[in-house]
Amino acid sequence: MSLRQMEYFVTVAEESSFTRAAERLHVTQPALSHQIKALERAVGGPLLERLPRGVRLTAMGRAFLPHAERSVRSAAQACRAARAAAGAQGGELHIATVHAIAVGVLPDVFARWRAAHPGVGLVLHEYATTEALEDRIERGTADLAVGPPPVGWSGPVVPVGTEDVVIVVPFDDPLAGRASVRLQELADRFWVRCAMEPLVDGVPFLDRACARAGFSPRTAVRTEHTSTAVRMAAAGVGIATAPAHVARGAVGEDCALLAVDPPWRRELAVFSRVALTGAAAAFTDLLADVRRGAEAPPVSPGRPRADCDESVQVMP
């Protein structure tokens, strides 16, 4: 059994076709078929069911696939890490995250990285949920992930700061001129809810927080993405919660942001399957430096910044 055979198998599984897989791999279809048959002999049974139009995985194939994917991607990751550590031209660092962090946190970090490390390219993988993010980083899709700290993670987890979670209201809302609001004041409001809302002990964060404040949030609409929820709130569909770095771009246009009193914050971390070295370590340090700068805004006169132990920690 060879790494090349596993790469061929993964490609056939992804394409569901020997023909398309051969084209993608730049090999002849007979050569591809020969390698797959050799792999099946080594494994001890059929991995693919040949159909009149395409192929599909057998039970053995479904069991074998995630391990083959991990092996192939780990080999690619090892090559990328070696090239990136050496600063080689063409070296790449693959970074995985969820959409809200990709939109709000990473652009500035990526720009600074490109200026400091022009020889090491960045490849971004975006996912809708933290569950999908953790699954794909476990499978070796990327060199590191940026997101809420995973629970029970066996690899390195490096804290890189926090993100503030705010309330988004239309610019003409009665609350728009205020700096903060207590959650109890929002008991009669309708909310725009997002599928990417974090869970705490299996319960959506907003449901848990509102229950502690003595009410149940009323939902106007549910969206898939945080950025959509912000736009819906700006249009007056309902109020929404969002990381400040996602919502801040709309301030001054047609919505306003209010801090929650006491503040809502969520931890951010870099995590990986293997030790963070070379370019991965350098990127982690850069991200932590940028986040430290972002977390120290000027203090408004007459309103001291709340201490961290007074804040509500929003956990994934």
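## Close-up views of a predicted model

**View 1. Strand S12 is a mostly covered strand.** In this predicted model, strand S12 runs through residues 239–243, and five of its five residues are buried. Which residues point which way from S12? Ile 239, Thr 241 and Pro 243 point one way, Ala 240 and Ala 242 point the other way, and all of them are buried.

**View 2. Strand S12 pairs with strand S6 and with strand S8**. Let's look at the partners one at a time. Strand S6 (residues 157–170) pairs with S12 in the antiparallel sense, over four bridges. To find one of these pairings, look for Ile 167, whose bridge partner in S12 is Thr 241. Strand S8 (residues 190–194) pairs with S12 in the parallel sense, over two bridges. Here you can look for Val 192, whose bridge partner in S12 is Ala 240.

**View 3. Strands S1 and S2 form a hairpin**. Two residues lie between the two strands of this hairpin. S1 covers residues 48–51 and S2 covers residues 54–57, and they pair in the antiparallel sense over four bridges. A handy place to start is Leu 48, whose bridge partner in S2 is Leu 57.

**View 4. Helix H2 crosses helix H3.** The axes of H2 (residues 18–25) and H3 (residues 29–43) come within 9 Å of each other and cross at roughly 105°. Angles of 65 to 115 degrees count as roughly perpendicular, so H2 is roughly perpendicular to H3. Which residues make the contact? From H2 come Phe 18, Thr 19, Ala 21, Ala 22 and Leu 25, and from H3 come Gln 29, Leu 32, Ser 33 and Ile 36. Sorted by type, the residues of this contact are six nonpolar, three polar and no charged.

**View 5. Helix H8 has a buried face**. In H8 (residues 205–212), the residues Phe 205, Leu 206, Ala 209 and Cys 210 are buried. Why do these buried residues line one face of the helix? Seen down the axis of H8, they fall within an arc of 120°, so they line one face. After the helix comes Gly 214, with a positive phi near 95°.

Key: Residues are numbered from 1 along each chain as its sequence is written. This is a predicted model: local features need pLDDT of at least 70, side-chain atom pairs count only at pLDDT 80 or more; totals for chains, interfaces and linings use all residues. Side-chain values use heavy atoms; hydrogens and water are left out. Axes are lines fitted to C-alpha atoms, for helices over the stretch in contact, and angles run from 0 to 180 degrees between N-to-C directions. Angles under 35 degrees count as roughly parallel, over 145 as roughly antiparallel, 65 to 115 as roughly perpendicular and the rest as oblique. Contact means heavy atoms within 4.5 Å. Ala, Val, Leu, Ile, Met, Phe, Trp, Tyr, Cys and Pro count as nonpolar, Asp, Glu, Lys and Arg as charged, and the others, Gly among them, as polar. Buried means under 20% relative accessible area, exposed over 50%, partly exposed in between (1.4 Å probe, protein chains only). The arc is that of the directions from the helix axis to the C-beta atoms. Two strands pair if DSSP finds at least two bridges between them.
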